[in-house]
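Here is a walk through one protein model, written for someone who would rather look at side chains than at tables. Keep the viewer open and click along.

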Amino acid sequence: MKKTTFTALAFIGLLGTAVSWSSTDNSMKTESQARPEVSKRETKAQTYKIRYGLLSKNGTKILSGSHDVGSFLAENMATGDVYDTYYSGGFQALPQYYEGIPEGTYTFSAMQGQGAWTGYGSVVATVSDAQVDADGYITVYIPITWEE
């Protein structure tokens, strides 16, 4: 009788342990597993790599050389966030790169360098998957408006 009671209690104990483990496994799912409608985009924002170049006054695209640029800027038109390539030396070699710009519509521009020999305009462009080139960058050409 003692052996039957012991066996029954041991079985109930093992059954209780097995049930508690299986319920613990279900509660340990991450939010994205528990809610499959949560997309990767919500868990980590997509960002893009920008490659900056210049557009000469005659329309030639420039992606090389050292130029009198203090900083290339990208201002998000919806949030006002500004991303820049500030360089304290005043001249920047092209192309310049900026990684980590979120999707959106931006005003891209450049600031004069230390020499103040060149003036720059601005361009409005959308940053999204559709603009990414074969190299993995979105290339933006800032127009030169005047030169000395």
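## Y83 and the aromatic rings

Y83 has a relative accessibility of 14%, so it counts as buried; buried means under 20% relative accessible area, exposed means over 50%, and partly exposed is in between, with a 1.4 Å probe and protein chains only. Y98, at 23%, counts as partly exposed. A quick note on where this comes from: the model is predicted, local features need pLDDT of at least 70, side-chain atom pairs count only at pLDDT 80 or more, and totals for chains, interfaces and linings use all residues. Residues are numbered from 1 along each chain as its sequence is written, and side-chain values use heavy atoms, with hydrogens and water left out.

Searching the whole structure turns up seven aromatic pairs. Rings of Phe, Tyr and Trp (its six-membered ring) pair if their centres lie within 6.5 Å; planes under 30 degrees apart are stacked, over 60 edge-to-face, and the rest tilted. Y83 and Y98 make an edge-to-face pair, with 5.8 Å between centres and 65° between planes. Y83 sits in strand β5 (residues 82-84) and Y98 in strand β7, so their pairing ties together parts that are 15 residues apart in sequence. Strands here are DSSP runs (E, at least two residues), numbered from the N terminus. Y106 and F108 form a tilted pair, at 5.8 Å and 40°, and both of these residues are buried. One aromatic cluster takes in Y52, F72, Y83, Y98, Y106 and F108.

## The nonpolar core

Which residues have the most contacts inside the largest nonpolar core? They are Y52, L54, F108 and I142, in a core of 20 residues. Such a core is a set of buried Ala, Val, Leu, Ile, Met, Phe, Trp, Tyr and Cys residues joined through side-chain atoms within 4.5 Å. At least two of its residues come from each of β1 (47-55), β4 (69-76), β8 (104-112) and β11 (138-147).

Take F108: beyond its neighbours within four places in sequence, its contacts (heavy atoms within 4.5 Å) include I50, Y52, L73, V123, V140 and I142.

## β1 and its partners

Strands pair if DSSP finds at least two bridges between them. β1 runs antiparallel to β7 over six bridges, and K49 has E99 as its bridge partner there. K49 also lies over the face of Y137, 4.9 Å from the ring centre; a charge counts as over a ring if NZ of Lys or CZ of Arg is within 6 Å of the centre and within 35 degrees of the ring normal.

β1 and β11 run parallel, joined by six bridges, with L54 opposite I142. L54 also stands opposite I62 in β2. β1 and β2 (residues 61-62) pair antiparallel over two bridges, and in their hairpin, with five residues between the strands, G59 takes a positive phi near 95°.

Is Q92 buried or exposed? At 2% relative accessibility, Q92 counts as buried. Q92 lies in β6, and a polar atom of its side chain is 3.4 Å from the backbone oxygen of T85. Leaving aside neighbours within four places in sequence, Q92 touches residues including H67, F72, T85 and Y87.

P95 is in the loop between β6 (92-93) and β7 (96-102).

Methods. Helix = DSSP H or I, 4+ residues; strand = E, 2+ residues; numbered from the N terminus. Polar contact = N/O pair within 3.5 Å; in protein donor to acceptor, adjacent residues only side chain to side chain.
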